[in-house]
Amino acid sequence: LGIAWDGDADRCFFIDDTSEFIPGDFVTALLGTMFSKPERGATIVYDVRASRAVADSVKAAGGNPVMHRVGHAFMKVKMRELNAVYGGEVSAHYYFRDNWFADNGMIPAVLVLEMLGRTGKRFSELLAPLRAKYHISGEINSRVADVPAVLARIKQRYADARLLEMDGINVDYDDWHFNVRGSNTEPLIRLNLEAYAKDAMERRRDEVLALIRG
């Protein structure tokens, strides 16, 4: 198990015992499960980019997953509004009600170590069910000339999907989904995509990237 923090120690990054980097949404799913079990119905907030592993795991543990916008300011406000016990972002920011709803990089490290101690499992063993079912692209940035035009093109191409415009566009099908967001500071489109099979994820990822960059 490897643990690293950024310069301000408000983000926590994990590497498991097989030297694989752990996506922030998988950590959110594991810790969301941990918080949902003792407090049935506990609200867990996660961001629009996240793997379905988060909502599925939290629901299975008896919690209430709530999707919200990306960014610490939005996450903290929503958590206070709902009195959420925990929140997590793909970017490895993790928020805790008992820490005044603020993000902190040390708390998740301690909680993961506690989880490993209690279960007696390796980190890779805890993650294996998530990795087997949820195949994620990671965040892919594309520089484009006209961000609104690209987003409009995506809405038109995937008009038959379930669409959500909470933060960028979420395009949702039964067996795959993705979020695209424009950067607030650069002419970039950010893509996060997931499917239930690796080859499907790669095929859909390339399809959406071609549409973005075309």
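The questions and answers below concern a predicted model of one protein chain.

Q: How many helices and strands does the protein chain have?
A: The secondary structure of the protein chain includes both kinds of element. The count is seven helices and 14 strands.

Q: What radius of gyration does the protein chain have, and what does the globule rule give for 214 residues?
A: The two values are close, so the chain is as compact as a globular protein of that length. Along its principal axes, the C-alpha trace spans about 50 × 35 × 35 Å. The radius of gyration is 17 Å, and the globule rule gives 17 Å.

Q: What percentage of the residues in the protein chain is buried?
A: A residue counts as buried under 20% relative accessible area. Of the 214 residues in the chain, the buried share is 50%.

Q: Among contacts between residues at least 6 apart in sequence, what share joins residues at least 24 apart?
A: Contact here means heavy atoms within 4.5 Å. In the protein chain, the share of these contacts that join residues at least 24 apart is 55%.

Q: What part of the accessible surface belongs to carbon and sulfur atoms?
A: The protein chain has an accessible surface of about 10,300 Å². The part that belongs to carbon and sulfur atoms is 51%.

Q: How far apart do the centres of the positive and negative side chains lie?
A: The chain carries 28 positive and 30 negative side chains. The distance between the centres of the two sets is 2 Å.

Q: Is helix α1 largely enclosed or exposed?
A: Helix α1 covers residues 24-36 and reaches 18 Å from its first C-alpha to its last, close to the 18 Å expected at 1.5 Å a residue. Its buried residues include Phe26, Val27, Leu30, Leu31 and Phe35. Twelve of the 13 residues are buried, so α1 is largely enclosed by the rest of the structure.

Q: Is Thr33 buried or exposed, and which residues does Thr33 touch?
A: Thr33 sits in helix α1. Its relative accessibility is 19% and the cut-off for buried is under 20%, so Thr33 counts as buried. From Thr33 to Ala60, 27 residues apart in sequence, the C-alpha to C-alpha distance is 8.0 Å. Leaving aside residues up to four places away in sequence, Thr33 touches Ser57, Val58 and Ala61.

Q: Which residues does Asp56 touch, not counting residues up to four places away in sequence?
A: Asp56 belongs to helix α2, residues 52-60. With a relative accessible area of 32%, Asp56 is partly exposed. Its C-alpha is separated by 13 Å from that of Met34, 22 residues apart along the chain. The residues that Asp56 touches are Lys133, Tyr134 and Tyr196.

Q: Where is Ala9 found, and what is its phi near?
A: At 24% relative accessibility, Ala9 counts as partly exposed. Ala9 is in the loop between β1 (2-5) and β2 (12-15). Its phi, a positive value in a residue other than glycine, is near 60°.

Q: Is Ser19 buried or exposed, and what is its phi near?
A: Ser19 is in the loop between β2 and β3 (21-22). The cut-off for exposed is over 50% and the relative accessibility of Ser19 is 61%, so Ser19 counts as exposed. Its phi is also positive in a residue other than glycine, with a value near 70°.

Terms used:
Residues numbered from 1 in each chain as written. Predicted model: local features only at pLDDT ≥ 70, side-chain atom pairs only at ≥ 80, totals over all residues. Heavy atoms only, no water. Helix = DSSP H or I, 4+ residues; strand = E, 2+ residues; numbered from the N terminus. Rg over C-alpha atoms; globule rule 2.2 N^0.38 Å. Buried < 20%, exposed > 50% of the residue type's maximum accessible area, 1.4 Å probe, protein only. Areas by Shrake-Rupley, 256 points an atom, 1.4 Å probe, with all protein chains shown as cover. Lys, Arg positive; Asp, Glu negative; His and termini not counted. Charge placed at Lys NZ, Arg CZ, Asp CG, Glu CD. Expected span 1.5 Å × (residues − 1).
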